[in-house]
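Okay, thanks for coming, everyone. Let me put the chain up on the screen, and then we'll walk through it together.

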Amino acid sequence: MRPEFSLFPEQASTIASKVDALYFFALGISAFFSLLIALVIFAFFIKFRRRRAGEVGAKTHESMALEIVWSVIPLIICMVLFVWGAIVFIDMRTMPDDATEYYATAKQWMWKFQHPEGQREINSLHIPVGEPIMLTMTSEDVIHSFFVPAFRVKQDVVPGRYTTVWFEADKVGTYHLFCTEYCGSHHAQMRGSVTVMEPDDYQAWLAGGGPVAAPQELGEALFTQHICNTCHFEDGTGRGPSLVGIFGSEVRGTDGSVRVVDDNYLRESILRPSAHVNEGYSQIMPTYQGQLSEVSLLQLIAYIKSISDSPSEESPAPAAVAANGE
Ligand code: CUA
């Protein structure tokens with residue numbers, strides 16, 4: 001996007017300067033010791049060169065003090081790098097509670113995004129500046145990887161499960177998006193852009209595409225279309241458990257194991273219902289493997305989440321109110 005050459009990508013997210021500080025520290029340490037070792041080697045070449053034929057080097061003995069020094073100093077440097085790195089990593093991996101959830105589906109060779117308000121985009125993603133954004137991602141075919149250098153985030157996108165990444169852009173602009181996992185002959189062309197906008201501009205952009213249905217509204221329609229509602233009654237009297245409030249809760253299976261209901265759990269329950277049957281119910285649910293696209297699956301899960309929003313948890317989307325009927 002920028003014509004002029006720059007050695008490093010610009011910093012456009014809250015995490016970028018933290019990643020860079022660590023990177024430059026590691027680079028500085030490496031450069032310092034590389035230079036030091038090279039200089040010492042060179043100095044020793046000269047100092048200890050053979051001055052006449054038959055010259056034999058003096059006998060030397062080990063020095064305990066020296067051994068301790070060159071063991072302890074590297075240990076301290078490694079521990080600083082480790083602790084610092086762990087702090088930055090935990091920062092990057094801890095999802096803020098108020099993050100807005102967007103969906104990404106990768107396939108050979110494109111990126112498909114869906115906004116919480118329902119807008120869809122291909123190979124481009126528009127987001128507001130100064131708001132934490134969470135991406136729930138999956139792939140329709142092979143492993144891809146989501147990489148926005150300006151945000152300093154990179155996360156594999158894996159078929160058959162959901163992975164997440166979060167970032168908060170702090171600078172308006174358009175930034176490169178790359179696939180950074182070799183995924184076939186057009187891997188290099190699997191790129192796009194992330195456009196960071198002022199909140200007002202973002203709202204105007206959202207409104208510009210005309211009215212659209214939010215993912216959870218589309219999911220509610222799918223719920224009826226695939227007659228999920230004929231077993232999963234809201235009051236729990238159906239042949240399947242009620243799904244109201246199920247997201248984020250713990251469920252006990254017929255085998256006694258307890259699992260937390262998250263995106264990956266719901267995905268498995270829809271595609272392989274026999275994997276974890278809830279206690280008190282029998283395995284009568286058919287598999288939906290092959291009947292639902294990745295996009296539909298995400299919409300169904302968005303719907304199940306929307307009927308699970310507890311008051312303590314902030315609703316991720318302003319349009320989380322389910323639409324009436326189908
Ligand atoms: Cu997708 Cu490389």
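This is a predicted model: local features need pLDDT of at least 70, side-chain atom pairs count only at pLDDT 80 or more; totals for chains, interfaces and linings use all residues.

**Salt bridges and a domain interface**

Let's start with Glu-140: at 35% relative accessibility, this residue counts as partly exposed.

Residues are numbered from 1 along each chain as its sequence is written, and side-chain values use heavy atoms, with hydrogens and water left out.

So what does Glu-140 pair with? Its salt-bridge partner is Lys-112, with the closest N and O atoms 2.9 Å apart. Lys-112 sits in strand β2 (residues 110–114), while Glu-140 is in the loop between β5 and β6 (144–148), so this pair links parts of the chain 28 residues apart. Lys-112 is partly exposed too, at 21%. By salt bridge I mean a side-chain nitrogen of Lys or Arg within 4 Å of a carboxyl oxygen of Asp or Glu. Helices (H or I, at least four residues) and strands (E, at least two) are DSSP runs, numbered from the N terminus.

How many salt bridges are there by this rule? The count is 9. Another one joins Asp-91 to Lys-18, with the closest N and O atoms 2.7 Å apart. Asp-91 is in helix α2 and Lys-18 in helix α1 (residues 16–47), and 73 residues separate them.

Now, the domains. The chain is divided into domain 1 (16–44 + 63–93), domain 2 (100–208) and domain 3 (215–306), and those bounds come from an automatic or database domain assignment. The C-alpha centres of domains 2 and 3 lie 26 Å apart. Where they meet, 17 residues of domain 2 are in contact with 14 residues of domain 3, contact being heavy atoms within 4.5 Å. About 1,200 Å² is buried between them, and carbon and sulfur atoms give 55% of that. Buried area here is the accessible area (1.4 Å probe) that two parts lose on being put together, summed over both. On the domain 2 side, Tyr-103, Gln-114 and Tyr-162 lose the most area to domain 3, together 48% of what that side buries.

Between domain 2 and domain 3 the count is 1 salt bridge. Lys-305 also forms a salt bridge with Glu-101, at 2.7 Å between the closest N and O atoms, and Glu-101, Asp-263 and Lys-305 are linked in a network of salt bridges.

That brings us to α5 (residues 263–271), where Asp-263 is found among the buried residues. Is this helix enclosed or open? Largely enclosed by the rest of the structure, because 8 of its 9 residues are buried. What covers those buried residues includes β1, β5, β11 (250–252), β12 (258–260) and α6 (294–306). Glu-268 is one of the buried ones, at 17%, and forms a salt bridge with Arg-272 at 3.2 Å between the closest N and O atoms. Arg-272 itself is partly exposed, at 47%.

Key:
Buried means under 20% relative accessible area, exposed over 50%, partly exposed in between (1.4 Å probe, protein chains only).
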